[in-house]
Amino acid sequence: MTETPLIGDFSPAPDAGLSGARIGVVTFPGTLDDRDAARAVRIAGGTAVSLWHGDHDLQGVDGVIIPGGFSYGDYLRAGAISRFAPLMDQIVDGAGGGLPVLGICNGFQVLTEAHLLPGSMIKNNHLHFLCRDQRLRVENNATAWTSQYEAGAEIVVPLKNQDGQYVADEKTLDELEAENRVVFRYVDGNPNGSRRDIAGISNAAGNVVGLMPHPEHAVEAGFGPDSSAFGDVALRGGTDGLGIFTSVLTKIVAGAK
Amino acid sequence: MTNNNPVVDQASASERMETSASTRLETPDEVRNEHVQSFGQAADAVERVEGRQFNIDTVEHAAQTPDTEMPWAELGLKQNEFDEVVKVLGRRPTAAELAMYSVMWSEHCSYKSSKVHLRQFGDKVTEDMKKHMLVGIGENAGVTDLGDGWAVTFKIESHNSPTMVEPYQGAATGIGGIVRDIISMGARPVAVMDPLRFGAIGHPDTARVVHGAVAGIGGYGNSLGLPNIGGEVVFDSVYQGNPLVNALAVGVMRHEDIRLANASGKGNKVVLFGARTGGDGIGGASILSSESFDDTKPSKRPAVQVGDPFAEKVLIECCLELFKGSLVEGIQDLGAAGISCATSELASNGDGGMDVELTSVLLRDPTLTPGEILMSESQERMMAVVSPENVEAFEAVMAKWAVEYSWLGEVTDTGRLVIKWDGETIVDVDPRTVAHEGPVYNRPYARPEWQDKLQADSFRGSAAGAEVPASAEDLKAAVLELMASPNMCSKDWVTNQYDRYVGGNTALAMPDDAGVVRVDEETGLGVALATDANGRYTFLDPYQGAQLALAEAYRNVATTGAVPMAVSDCLNFGSPEDSDVMWQLAEAIRGLSDGCMELGVPVTGGNVSLYNQTGSTPIHPTPVVAMLGKFDDVARRTPSGWREDGQAIYLMGTTHDELDGSEWANLRGHLGGKPPAVDLAVEKLLGELLINASRDGMIDAAHDISEGGLAAALSEMALRFGVGARIGLGEVCERDGVDLFTLLFSESQARAVVSVARSEEVRFKDMCGARGFPFMRIGVVDTENGALDFQSEFSVPLAELKEAHEGTLPKYFA
């Protein structure tokens, strides 16, 4: 995903150019993957900003990630309590104004509970927590978070959840398909019974995206999956998730020019 | 537990109904409107205390009524122990004091049967072994220096009995408890591991325990954001009535952040924070974990604690924020024996005494008696000592994380632990007599009379061993049978229920030889951890069995390229009141401590779990050894499988005919003879070679040879990345004087298989040759053949091997 600079091109490396983009990472009580999401933003070249659920302040960030975990212990229902956090007011308002928002796993659940995205997640159809490297197809590369991928590209990122089965009524599912809002689809096996193999979706404007698998765990060689959809990689060398983060950073930087 | 204490009468049931306070739940509206709020206001607590009408057994009352009958036997104390309490106090204990002594003097908390033997871990230590030890045995967990100002703390503990009674909660709270031990040292927990032992895979009750324990470990650990990076899963009918659930946690910190559990400084405040105290886990340590199970006794289910991982995750972050601000002087987690343990240990380790008002404890169940409050093992609680000037800042951190807390009292200079109930003294003791000066037993032990006969019954001489596979067809079938067997099959069904990614620092996890976690993102500094035990080996020879567990853990860590640094052990045994078992325990401790001395690796902490037996039948003695290793840069770690076409495969070490206690003998239903010989000097040399080879980039894959022998090692290496190999073993058979079956299935120690790039072969051979370590080229990696091809003998297609290997657990449990 990184381009080799042209000979004689002394412009800053892509990473340096993206550092002006500030992405907020929200921490709720029980959030687990916040440090991982912040690391992913940094590795992609951006600047990560910690946001606290209890504040009413987005600190002027250019985009927001609601990371994975078990906010409020998933008590009542995953994401059901977090959606009432003070900061969610600002996030919902911001999303309405085009602010890029990404919900990963528990973050996706929070976004559906907050009605920024349709549908809901229920317990995996096999009833177990499942952690595995999962192949996905990028169905829509026109969103704020997927523009760096080719349409139809496949990626391998870790999946790990207990309540990952995406459900919605048929009408909603048809609408999502018709409007090209299914952003990621499971390939090589549906891991949890999600309707129509849906792994991630977006809102109509494409600035809000939620997905169950964890792209932030496939951004750093040595600590990612053992495989990549883009070819052979070294031990735990998969970095297929990085494009999610460079997509939004690139969009923000381009928009600022 | 019912209140069977005659001197503490509770209010009548109707009064209890009236006074039971509603538990305050955080509703969405409250979250929204009053998000940052502090619970645990004093007024809140006082309200609930009013109306609790107990006839309190005060110290004064106890002194006046020496002849009152005390329920010491129901609380698990022996007559001589009760007499000792009376002697220590100079009067009969109050009901509350009796509750404290009974839990703190339990086997689980006091190590009264093992203490005399455990001393060897402290005695058999050289100056060199102490070099990196920042905190040794005795604290919540030992601390080892990693360099660059980093320190690492790790510990392994058992949660066996609770898991048998209630698998989900038992296993879950095992994780919770060990993680709090790590936080108590001032560290951020970074990973967990679980060695598990269950009954026979096909037994009707095994699935209940497996499902519960695995879901409990996953449910709790996954919710804490701690990667689970390894462990073991073993099935054996000896664990049918006593499954073993051991839990390990590892944490890291800067040197200056190390915290110890002591209450010092007169006038400093004592605070209890985290979850409220409820009626769960009363007698967990004393009744549940310090006695054998018996069908005739009532269910012990209420003695199992109930976990709330969300509360623990918040507690972790909250504690780390306290440490960051240097807001606590001393800290102690509440585990076994709850407040009894925390107050007496903090006071005992400190320089003075402590005064505590017990009615200030926030309760989940307002009907609890003082004794029950002292004994409750409710989870997710911590006790800290805070200096008066930090009180406000402490409360601000509690408010931020919405953690409940209550100030219980303060540190004094009296040397006494005084606990009051509404101002009346119900406990007045020297804390050392509770925490550290409990009974010590030199229990009788003797080599069992059956041990000689057992050791004489070798596999080769038995009916089971009379005929072993020899033809190509039979050997292929044997490899497939081995790799599909309950103990050698793929554990993916279990480990896929654990999050191994969270934190973003996992450099290796199962099924590799050790879990590896990066500590410093700048330099790549990191740690490796492996846990190992073999109950069958230890049953055949406890001294040697313990050393074999140590050797395997050492080898596993070295195989990944890490330098072994420290040991934590979890000694799972039967009843110490059985002289056979006591001998097994004494021998295992002697073997382990001798072994650690020889390898130069200190034991920094651990746990003893006794009474693991059903009726008079104990489990196999199962000393689980956890080894911690260090990487200067985790990028240098070596995985357990090969993947580059054409790389040379080398076998390191020598194979002898050592099938006694092996997986193959186990598959044929035989257990007898002597376990494989152990030579720790050779293990150490092998370790050095593997570490050097990894550091210098000579090897791309390495796997230790242990249970299942060479057959298992080669199969696992091929399956790791689904890459085949062509193997020729004729020369090795000739050199070692063994047949192909023996070479494949013997479990001789100090062996490993490595794959070496062509360009590195000369260097690798020179290195082994220079150190005089036996090695032989046994094959070549083949990315095309899709098989583990034992040339001119037999070939196992990888698809077939994989199907056999991965099918077993789903067949029984999915």
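This passage describes the confidence, overall form, chain contact and selected local features of a predicted model. For chain A, the mean pLDDT is 92, with 93% of the residues at 70 or more. Residues 1-14 of chain A have a pLDDT below 50, and this stretch makes nine contacts in the model beyond near neighbours in sequence.

Chain B contains 31 helices and 28 strands. Its C-alpha trace extends over about 85 × 60 × 50 Å along the principal axes. Among the contacts in chain B with a separation of 6 or more, 86% are between residues 24 or more positions apart.

The contact between the two chains involves 30 residues from chain A and 29 residues from chain B. On the chain B side, two or more residues each are given by helix H2 (28-33), helix H12 (206-224), helix H14 (309-324) and strand S14 (506-508). H14(B) provides the largest share of this side, four residues. By class, the side of chain B that touches chain A comprises 14 nonpolar, 11 polar and four charged residues.

Within chain B, helix H23 (residues 542-559) packs against helix H26 (residues 680-695) with the axes 8 Å apart and at an angle of about 10 degrees. Because angles under 35 degrees count as roughly parallel, H23(B) is roughly parallel to H26(B). The residues that meet are B:Gln547, B:Ala551, B:Tyr554, B:Arg555, B:Ala558 and B:Thr559 from H23(B), and B:Leu680, B:Glu683, B:Leu686, B:Gly687, B:Leu690 and B:Ile691 from H26(B). This helix contact has seven nonpolar, three polar and two charged residues.

Several backbone features fall in loops. The peptide bond between B:Met510 and B:Pro511 is cis, with omega about 10 degrees. B:Pro511 is in the loop that runs between S14 and strand S15 (515-518) of chain B. Two residues other than glycine were examined for phi. A:Arg236 has a positive phi of about 50 degrees, and is placed in the loop between strand S11 (208-211) and helix H6 (242-256) of chain A. A:Arg236 counts as buried because it has 24 C-beta neighbours inside 10 Å. B:Asp422 likewise has a positive phi, of about 55 degrees, and lies in the loop between strand S12 (417-421) and strand S13 (424-429) of chain B. With 14 C-beta neighbours inside 10 Å, B:Asp422 counts as partly exposed.

Terms used
Residues are numbered from 1 along each chain as its sequence is written. Chains are lettered from A and ligands numbered from 1 in the order in which they are written. This is a predicted model: local features need pLDDT of at least 70, side-chain atom pairs count only at pLDDT 80 or more; totals for chains, interfaces and linings use all residues. pLDDT is the predictor's confidence in each residue, from 0 to 100. Two residues are in contact if their C-beta atoms, placed from the backbone, lie within 7 Å. Ala, Val, Leu, Ile, Met, Phe, Trp, Tyr, Cys and Pro count as nonpolar, Asp, Glu, Lys and Arg as charged, and the others, Gly among them, as polar. Axes are lines fitted to C-alpha atoms, for helices over the stretch in contact, and angles run from 0 to 180 degrees between N-to-C directions. Angles under 35 degrees count as roughly parallel, over 145 as roughly antiparallel, 65 to 115 as roughly perpendicular and the rest as oblique. A residue is buried if 20 or more other C-beta atoms lie within 10 Å of its own, exposed if 12 or fewer, and partly exposed in between; C-beta atoms are placed from the backbone.
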